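Please load the model in a viewer and display the backbone together with the side chains.

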Amino acid sequence: MIPIHLEQLEFRYPQSDFLLKIEQLTIDAGSRVAIVGPSGSGKTTLLNLMAGICRAQQGRIQIGEHSVGEMSDSERRNFRISRIGMVFQQFELVDYLNTEENILLPFAINQSISPTGEDRQYAESLAVQMGLGDKLRRLPNRLSQGEQQRVAICRALVTRPSLIFADEPTGNLDPKNKTRILDILFDINREQGQTLVVVTHDTQILDGFERIIDFQDFTVEANTDSQTDRMLEKRS
Amino acid sequence: MSWTRLVIRYIQYHKLKTVVLVASIFLTTFLPLTILILLGEFNEKIISRARSTPMVIGAEGSPLDLTLHALYFSSKRPAPIRFATVEEVRQTGWARPVPLYSRYTARQFPIVGTNLAYFQFRNLPLAKGESLSRLGDCVLGSEVARQLQLRPGDRLLSDPENILDLAGHYPLKMLVRGVLEPSSTPDDWAVFVDLKTSWVIQGLGHGHQNLAEETDDLKVEVRSDGTLQATAAVLPYMEITDENIDSFHFHGETADFPITAVIAVSPDEKSETLLMGHFQGMENETQLVRPVVVIDELMSLVFQVKKFFDLNAILIAMATLFLLILVLVLSQRLRIREMQTMFKLGCSRGTLLLLQFSEIAILFLFSSMLVALAVWGVWMMAGNVVQSLLIGGQG
Amino acid sequence: MHYQTLAKLAILLALPVLWMPCGCQRNDRTPQDNTAFSQPTRSDQVSAISYPLFFVTGKLLEGTSIQLDLVAPPANAPEPWTPDQQQIETLQASDLIIANGSGAPFAKWMVRVSLPESRVIQTTDNFSIEEFIMVKDHRVVHQHGPEGEHSHPFMVAETWLDPAMLKKQAEEIAVALIRCYPTLDNQVRENLEQLNQSLDRLTEQVKGIPKGNVITSTPRLKYLTRAAGLQDTHLLWFDLPEQSTWQTTGEKAFIDRAQEAGSSCMLFDTDPPNWLRERLRELGYPVVSLNSFSRGGLPSEGDFLQVMENNLATLQDGLSR
């Protein structure tokens, strides 16, 4: 279980007026945090910054003992693949890989980690746990959307990460599947203690979160006048 | 699971694209290579055959037709010349003549009437059986024997020249006396008979029942002067056997009998020059050609034409390359999300490039292997293909 | 399809590619050298296809190591005769095949076998056409091919029955032998000289035969009768008459022909059956049997010169009767 701490963070996309500025933000280790706000408010950008996918121009991102900003590209990649599980709105499964191969994808794309027999068993147990035990050989196009998102969650968990970042994980799901996916994420958080950060604009799914960071109430805005940007924090 | 498996799974999943790309690469490279091999083979075979055939004498007309006929027994045969030409060459003492008369076919393979000297000249040892011994015997080239599944002792029927020519030439059932060793030359594709046997096929020699002993009134008519008149009911024998071989005879002067070419082999250059002078100086209907000169001229023309083929192949290859680049670029664009996901999951840009490059590399490798396989096949069959092309579609 | 399957396929595809440059070779042969063909090696073997030629060639080769074979039907061989495979092989292996001339009836088999033509010496090729005796076989007329109606005329082959002609043939043979075996030049020339003397003597003997008219059973004896200056009328008894047909038509036809000839000397080139011999004697045509070497084989006794001398003695005797 590791906490996340952001301080004096500034991020601007190249050749864009968008500016994300966070003075201070701390996410406790093992907590369930939802980041909500309208589209384009910077939720996903924040997630990408924390995951080390983007590099902030200024400020500090501290995840546990690691300062993401000070890491090299390869260190951030290795850190991401070993410590962070990513779940996306569009599931982002690889269409030519079957369920099992999609779950084991993190191992295939990073030569620094190779799956052990134990990892394979773990992948299979995750699939079983998610109700995908009989669908290991199926390609994504033969899975329902709920099933696809469960495969994506398995893929996020297969490297046994300390953090789970989910970007609109229920955005493409029907209410029944939304509940199921959230229950799964919360169960994992409760059972394994991973820090769960979920970005969503759906306010109906916020019930189970310990903390909600609402970008709409902040003065953090995409504004043409970047000099006036600032960010406030609200605790639920 | 490793990155290589990712690439293979990607290729497997996009079967149609893979097949189209592999086929494009295959065809673009295979066709020019095939032409290159066949032309190389053509050049090598024809030059080699021409070099081993010092001089050819035949009827006036196209030197190329005469050369190809004498070298390859091509179906486009020159006009016949008299057998006396053989004796004429021999009488000069400047060359050993080898007569050739190729007019008929047996199961589409050319029947080459010649004499025993031909086998010695071409250095054609027997693989099975014996050499030509008697009228009606034939010795098969290795390919003829293989394709027709014939062995010494079997019979082979000559093809009628014209099925409507009912009153003319009757097919002759020949006895397979021997089979030659393979030589990778046109001799593998020919049916060799004694010159006299080819004249029998033509009807210049024949055998029939002894009319003096024939008692059937339908076949023999006794004239008022006591002579016997054979009627049309007397058919010539279509097969030469121990029983009827004695009845075979020829009509007319052998010297006037037809042949299509004489190969002349001189012991030295001086004799060769003298023989050439002899035939050039004569105002008759024959010509003497040196195959190596004729073929050199032909090949220089062929290689001129090949330059256009080469240019065409280069243009096609470039067009295909551009299309391949387009297809690959478009397909990489379609994979941007997939690549982004992998990047987000922790994949390095180097690995992403490796994945994309490997796909192209595997496609090229696979295509190259197919091309190599096909080219190998072409290379192995090139001799036969060139042979059948030169013989004129026979065989 | 799984990874392993694909890998196997790749290996299978790669195999021929790897194999091609290293091991595989097509059955290509280099072009042959024509020197051997234009200057063939010698087997020191010569064949003759009739006894008289065998005799002459043997005389010319006396004192040399050249092997001489006679390929001809033995005296008792049934018609038709064709050399067997071994004899054909002997002929095909010979440096020279001494023949009498194309179309010779005694060697009809020559057109039916494959011979190395360049090595066949036609010893009568330099004869003028007038020197030959041509006989029209009017017994059979037929029509086939492009020629229209015709019968088969044939050339009488037994030129050796005229010793002067045989002498010319011997000279041809000597030329061929010397061309083939240049080292034997002197020996052959020497032998030829001796042979010519024998043949000259024989020619004188032939010329010494008393002149007269004769009937011959076949045209085979015509070279002898011509050389001896005899007037002959030939029959075409290549197959001797059957006793049954003789009684019905044969005898009358014979008597008509014999009366035309105006001769009572009936020459046979073979031994006729007793009944015919007897009947002809009764009719006033006693049979005179000569040996024409028509079958080509070895005589039962004596050599060519002795048989010819016997022939001449028999003929002289017959004519004087």
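Predicted model: local features only at pLDDT ≥ 70, side-chain atom pairs only at ≥ 80, totals over all residues.

Does G153(B) count as buried or exposed, and how many C-beta neighbours does G153(B) have inside 10 Å?

**Stop 1: G153 in chain B**

Select G153(B), which is found in the loop that lies between helix 6 (142-148) and strand 7 (155-157) of chain B. G153(B) counts as exposed because 10 C-beta neighbours fall inside 10 Å, and the cut-off for an exposed residue is 12 or fewer.

**Stop 2: helix 3 of chain B**

Select residues 63-72 of chain B, which make up helix 3. This helix is mostly covered, with 8 of its 10 residues buried. The buried residues of the helix are P63(B), L66(B), T67(B), L68(B), H69(B), A70(B), L71(B) and Y72(B).

**Stop 3: helices 2 and 9 of chain B**

Select residues 15-51 (helix 2) and residues 291-334 (helix 9) of chain B; the axes of these helices come within 10 Å and cross at roughly 170°. Helix 2 of chain B is therefore roughly antiparallel to helix 9 of chain B, since angles over 145 degrees are classed in that way. The residues of this contact divide into 18 nonpolar, 5 polar and 3 charged.

**Stop 4**

Select chain A, which has 7 helices and 9 strands. Of its 236 residues, 43% count as buried. Among the contacts in chain A with a separation of 6 or more, 72% are accounted for by residues 24 or more positions apart.

Now show chain B alongside chain A: 21 residues of chain A are in contact with 18 residues of chain B. On the side of chain A that touches chain B, helix 2 (73-83) and helix 4 (105-109) of chain A each supply at least two residues. By class, that side of chain A comprises 13 nonpolar, 4 polar and 4 charged residues.

**Stop 5: helices 3 and 5 of chain C**

Move to chain C and select residues 51-60 (helix 3) and 163-180 (helix 5), whose axes come within 10 Å and cross at roughly 55°. That angle is why helix 3 of chain C is oblique to helix 5 of chain C. The crossing of these two helices is right-handed.

Which residues meet here? From helix 3 of chain C come P52(C), V56(C), T57(C) and L60(C); from helix 5 of chain C come L166(C), Q169(C), A170(C), I173(C), A174(C) and L177(C). This contact has 8 nonpolar, 2 polar and no charged residues.

**Stop 6: a sheet in chain C**

Finally, select the open sheet of chain C, formed by 4 strands in the order 8-7-9-10 with parallel pairing. Strand 8 (231-234) and strand 10 (287-289) of chain C are the edge strands, each pairing on one side only. Neighbouring strands of the sheet are turned by 30° against each other on average, direction ignored.

Within the sheet, focus on strand 7 (residues 213-216) of chain C, which is joined to strand 8 of chain C by 4 bridges, the two running parallel. I215(C) stands opposite T233(C) in strand 8 of chain C.

Definitions and conventions
Residues numbered from 1 in each chain as written. Chains lettered and ligands numbered in written order. Axes fitted to C-alpha atoms, helices over the stretch in contact; angles between N-to-C directions. Parallel < 35°, antiparallel > 145°, perpendicular 65-115°, else oblique. Left-handed = near helix turned anticlockwise from the far one by under 90°. Contact = placed C-beta atoms within 7 Å. Nonpolar A, V, L, I, M, F, W, Y, C, P; charged D, E, K, R; others polar. Buried ≥ 20, exposed ≤ 12 C-beta atoms within 10 Å, placed from the backbone. Pairing = 2+ DSSP bridges.
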